[in-house]
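Please consult the sequence and structure shown below.

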Amino acid sequence: MRGNLSNDIVSIKIEEGSKKPIALHEKSLFGKIEANSLNLSLIEACYLLEKGRLDIYEDDVECSVGYIIDLLKGHGLFGKYVVYRDLKDRGFVIKTGFKYGSEFRLYNRGGGPGQEHSDYLVKIIFENYEINTLDFASYVRVSHGVNKKLLLAIVDDDFDITYYNIEWTRP
């Protein structure tokens, strides 16, 4: 499949008789369908490119994985991508968690928006980042308030990830 990169969005044109972009969205819940195209974030597109499921072009020049990763790094998104890739490889369906103040919402394999509620909110914190206690408490409070578990993804300087399941407990 061919995707065209413009303004940090990769668009896959949905042409008559072309079922791949629609299936990619409906079956695997990648991107958003708008007008005649499936629009993917850079993170989603990089994942599909690495897996050999998508070719990305910018101004009719094919983009390498390295080029897309450099774009992610330039936007400060590489750590987020590493977590996305790890969770996707573990079989989770991943959607944005922006409205909950987190990076991602996670659904179990086969689930997704409109089918079931997400089980987890994922908050990414880098190892050398100092977290304020009130900010941490707010992450836990929001996740508890929307009946989700908080999965804290700690990314170290080598981009290795350690996950912590954080739960609200009443004494």
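## Terms and basis

Grid points are joined across faces, edges and corners, and a volume is the space filled by probe spheres set on the points.

The model is predicted, with pLDDT of at least 70 required for local features and pLDDT 80 or more for side-chain atom pairs, whereas totals for chains, interfaces and linings use all residues. Residues are numbered from 1 along each chain as its sequence is written, and side-chain values use heavy atoms, with hydrogens and water left out.

## Overall form

The protein contains five helices and eleven strands; these are DSSP runs numbered from the N terminus, with helices being H or I of at least four residues and strands E of at least two. The C-alpha trace spans about 60 × 35 × 25 Å along its principal axes.

The radius of gyration, taken over C-alpha atoms, is compared with a globule rule of 2.2 Å times the number of residues to the power 0.38. For 171 residues a compact globule would have a value near 16 Å, and the 17 Å of the protein agrees with this.

## The six-stranded sheet

An open sheet of mixed pairing is formed by six strands in the order E3-E4-E2-E1-E5-E6, where two strands pair if DSSP finds at least two bridges between them. Strand E3 (32-34) and strand E6 (61-62) are at the edges; each has a single partner strand, so one side of each is left without a neighbour in the sheet. E3 runs antiparallel to strand E4 (residues 37-41), to which three bridges join it. Glu-34 stands opposite Ser-37 in E4.

Helix H2 (residues 42-50) packs on the sheet, touching strand E1 (2-6), strand E2 (9-13), E4 and strand E5 (55-58); contact means heavy atoms within 4.5 Å. The direction of H2 makes about 95 degrees with that of E4, axes being lines fitted to C-alpha atoms, for helices over the stretch in contact, and angles running from 0 to 180 degrees between N-to-C directions.

The largest pocket holds about 500 Å³ of space. Its lining comprises 21 residues, of which Lys-32, Leu-40, Ser-41, Glu-44 and Thr-96 lie nearest its centre. Two or more lining residues come from each of E3, E4, H2, helix H4 (78-89), strand E7 (93-96) and strand E8 (104-107). By class the lining has eight nonpolar, five polar and eight charged residues, with Ala, Val, Leu, Ile, Met, Phe, Trp, Tyr, Cys and Pro counted as nonpolar, Asp, Glu, Lys and Arg as charged, and the others, Gly among them, as polar.

The second largest pocket has about 270 Å³ of space. Sixteen residues line the second largest pocket, and Ser-28, Lys-88, Gly-91, Phe-92 and Val-93 lie nearest its centre. Helix H1 (20-28) and H4 each supply at least two lining residues, and the largest share, three residues, comes from H1.

## Cavity

One cavity of 30 Å³ or more is present. The largest cavity is lined by Tyr-100, Gly-101, Ser-102, Leu-121, Lys-123, Tyr-139 and Leu-150, a set of four nonpolar, two polar and one charged residues.

Note on methods
1 Å grid on protein atoms, 1.4 Å probe; cavity = no way out; pocket = protein on both sides within 12 Å on 5 of 7 lines; lining within 4 Å.
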